[in-house]
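Please look over the predicted model below.

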Amino acid sequence: MAAKTIISRPIYGTLSPQPGKHHLFIADAEGAVAITDMAGKAPSGFFGSAEIVFIPGPEGKHIAALEALKPAQLHVAPSFASLLPRLRQTLTNAHMGLRLYLAGTEGLIGQAMQAALEAGIDHTSMQTEQRGSLARRMQCVHCKGITENVTTQPATCAHCGLLLLVRDHYSRRLAAFQGVCINAEDRSEIPPMEEAFP
Amino acid sequence: MSTGTTKLDVVVSDVVPVNDLVTRFHFRRRDGELLPTFSGGAHVVVEMRDGDRTRLNPYSLMGSPLDTREYTISIRRDDVGRGGSLFMHRQVKPGLEMVISYPVNLFSLDLRAKKHLMLAGGIGITPFMAQTSQLAGAGGNFELHYTCRTASLGTYADVLRERYGSRVRLYHDDREERIDLDRLLSSQPLGTHLYVCGPAGMINWVRDRAASLGWPSETVHFEHFAAPQPGAPFDVTLAVSGKTIRVGEQQSLLEAIEAAGVDPPYLCRGGVCGQCETNVISSDGKFIHNDHWLSEEDHRSGCKIMPCVSRFEGKSLVLER
């Protein structure tokens, strides 16, 4: 788990079953394992009122394990962007008593949380668990472009090309870490690029 | 010493009987200026100087936060309490000069909510008078469910129905009308916040059902001023100030500490804000905890007490004051 460095750096927990009438899970890749691990602690019949939205990713694993939980609905999506309209619709029509569980990469957790915040769920009311890649979603503070799946430190902005220091400073509103130019004084100074968020 | 608040010198500008049990009091500043801004759910602590004893009780402001020419509070007469409400009902007349605290809000609206669901029981309606005014002025989405014993004791029910129509739903105990709480809670749109103010039993019932039905605790707001209860007199040693005091039958521990010339911090005087939390150095006897601030663990530990509402029975009690 990520260490707390500055106050905005999100800290994730371990999924645990909450009291509620409906349970909405959003997970990507290894996040599925957080759900199946939690299933052991869930009361019987828990998944009868659960919907799982899952992005398997390139490896395409874990779908059968989620099916085995017999959720009321299992929706497999190719990407977060593809599931977002459906998620927004679900949240718009939902009632109090819906509980949200987010598991997988920080990018997935952050973007799903962003949609849920807009729907009026407090971020402290959501269950989160980080699994799999530590890749970050980063906003370049200079051009405001968002670069997905950043694994290196520093990282190159996919929009303006500046070399950015990926900070722990995180924005829930943008669901992104802040990237700040690392060599603003002298562009010819190129620090070594390391694999920091595998 | 009231933490973070200063006092307001006010004059009673009106006293209006509302029904058999409830009277409304209006205050204006003695210097004619506007009173401080407040938000719906705020309360003031009213100093009641009754002969040589002073009681300080918290009351919710019930006027519109949009109008600070005067503050209004409504007080239900409690014939078996410590006498604060009886003093207000019997002794306080227009023109009387009084001192009240600055407003403090421990029951504020969460304005991020998509909708506000309010549940009031009896005199617990008062903070909602201010909150509904505030929300209505800003086009806010709210719904108020108000339980009262009888129509004639439904304080301000007529005013609220007149102002807000079907957004206000009334339940009368004498007509066996009951809130279908589970259905009400389960049919609220996502992003709703719940507010409850009324008797302790009602608050506990609503909080318990809300938690079971999956309302996150961040969305459930409640306020219950536990008025200090009278009880058997007891002796207390204040270790820091080196004094031994007796807490009278009709006196709260906090009032007794103040009467001895010690000035501990306080804010709500109703067991909810946590300011007067006091460490217990030693004790031999039983604590009567009446607050909503300390955890059950704290209550069991015997290491802390909220002197504004809690009492003690036994041989000795030494406090870090």
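In this predicted model, 8 residues of domain 1 of chain A are in contact with 6 residues of domain 2 of chain A. Contact here means C-beta atoms, placed from the backbone, within 7 Å. By class, the domain 1 side of that contact has 2 nonpolar, 5 polar and 1 charged residues. Nonpolar covers Ala, Val, Leu, Ile, Met, Phe, Trp, Tyr, Cys and Pro; charged covers Asp, Glu, Lys and Arg; the others, Gly among them, are polar. Domain 1 of chain A spans 22-130 and domain 2 spans 136-195. These bounds come from an automatic or database domain assignment. The domain centres, taken over C-alpha atoms, are 28 Å apart.

Residues are numbered from 1 along each chain as its sequence is written, and chains are lettered from A and ligands numbered from 1 in the order in which they are written. Local features need pLDDT of at least 70 and side-chain atom pairs count only at pLDDT 80 or more, while totals for chains, interfaces and linings use all residues.

Between the chains, 18 residues of chain B are in contact with 17 residues of chain A. On the chain B side, α4 (181-186) and α5 (200-212) each give two or more residues. That side has 8 nonpolar, 7 polar and 3 charged residues. Helices (H or I, at least four residues) and strands (E, at least two) are DSSP runs, numbered from the N terminus.

The largest nonpolar core has 120 residues. Such a core joins buried Ala, Val, Leu, Ile, Met, Phe, Trp, Tyr and Cys residues through C-beta atoms within 7 Å. A residue is buried if 20 or more other C-beta atoms lie within 10 Å of its own, with C-beta atoms placed from the backbone. A:F25, A:I35, A:L102 and B:V196 have the most contacts inside this core. Leaving out residues up to four places away in sequence, A:L102 touches A:I26, A:I109, A:A112, A:M113, A:M126 and A:T128.

B:V196 lies on strand β11 of chain B, where it points the same way as B:T192 and B:L194. B:H193, B:Y195 and B:C197 point the other way. In β11(B), 6 of the 6 residues (192-197) are buried, so the strand is largely enclosed by the rest of the structure.

Strands pair if DSSP finds at least two bridges between them.

| Partner of β11(B) | Sense | Bridges |
|---|---|---|
| β8(B), 115-121 | parallel | 6 bridges |
| β12(B), 220-223 | parallel | 4 bridges |

B:K115 stands opposite B:T192. B:Y195 stands opposite B:H221 in β12(B).

Notes:
Two residues are in contact if their C-beta atoms, placed from the backbone, lie within 7 Å. A residue is buried if 20 or more other C-beta atoms lie within 10 Å of its own, exposed if 12 or fewer, and partly exposed in between; C-beta atoms are placed from the backbone.
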